[in-house]
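Welcome, and thanks for taking a look at this one. Please keep the strands in view as we go through how they pair.

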Amino acid sequence: MSRDLHSNFTTELATNNIKPILAAKFEFATVTIRLWTGYGDITINSEIYKGIGTLGSLGNVEETAQTKAVSQDFILSGIPSKYIHLALIDNYSGRDATLFFGLLDESDAVISNVVTLFKGIIDVITVTESGETSTIRLRAESRLVQLERSIERRYTSQQQKLDFSGDLGLDLIEELIDRDIVWETPTS
């Protein structure tokens, strides 16, 4: 899939010393977590990302020219067990997860205009504990997965009032069920 890359990005790609990075942003209900694949803190789009070094990995990053839902796995290992509560109690289902690809320049500063490789919604988080540390696997799905789900909504007055209590727009819908409507073309 072709992308429009910023000129700073393409200039850095042409150099002999390319320093690629990946960064992930998880927007939970109570906190937003920003991590990247190096050490220390970096700034991407005016937000601070914490380095996790070798504690993180990704499932295969799939990109397709077809219109289809894809998923992305984010794996965090070596997490102290006392921090697992976030994955277990926070409301994460349907929250945004974003994966960025970027480059560092010769002074280890992030080249502006990082590329968004994946943006989707968090589906499920699984935790595997092993003694003092744990592994968290977060699976996010593309928003296109919502197109594959059936809609449990009916166009009735009762359903409309559940969503919008004062709305009377569907009160007369039952009268239209068996009514013949004749359309006439205007004559000039």
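How many bridges join strand β2 to strand β4, and do they run parallel or antiparallel?

## About the model

This is a predicted model, in which local features need pLDDT of at least 70, side-chain atom pairs count only at pLDDT 80 or more, and totals for chains, interfaces and linings use all residues. Residues are numbered from 1 along each chain as its sequence is written, and side-chain values use heavy atoms, with hydrogens and water left out.

## Strand β4 and its partners

To take up the opening question, β2 (residues 32-36) and β4 (residues 47-51) are parallel and are joined by two bridges. Strands here are DSSP runs of E with at least two residues, numbered from the N terminus, and two of them pair if DSSP finds at least two bridges between them. In this pairing, L35 sits opposite K50 of β4.

β4 also pairs with strand β3 (residues 41-44), this time antiparallel and over four bridges. Here I44 faces E47 of β4. The two strands make a hairpin with two residues between them, and N45 in the turn has a positive phi of about 50°.

Now have a look at β7 (residues 96-104): eight of its nine residues are buried, so the strand is largely enclosed by the rest of the structure. Buried means under 20% relative accessible area (1.4 Å probe, protein chains only).

Strand β1 (residues 19-27) runs antiparallel to β7, with eight bridges joining them, and L22 is found opposite F101 of β7. β7 pairs with β8 (residues 115-130) as well, in the antiparallel sense over six bridges; in that pairing T98 lies opposite K119 of β8.

How values were computed: Buried means under 20% relative accessible area, exposed over 50%, partly exposed in between (1.4 Å probe, protein chains only).
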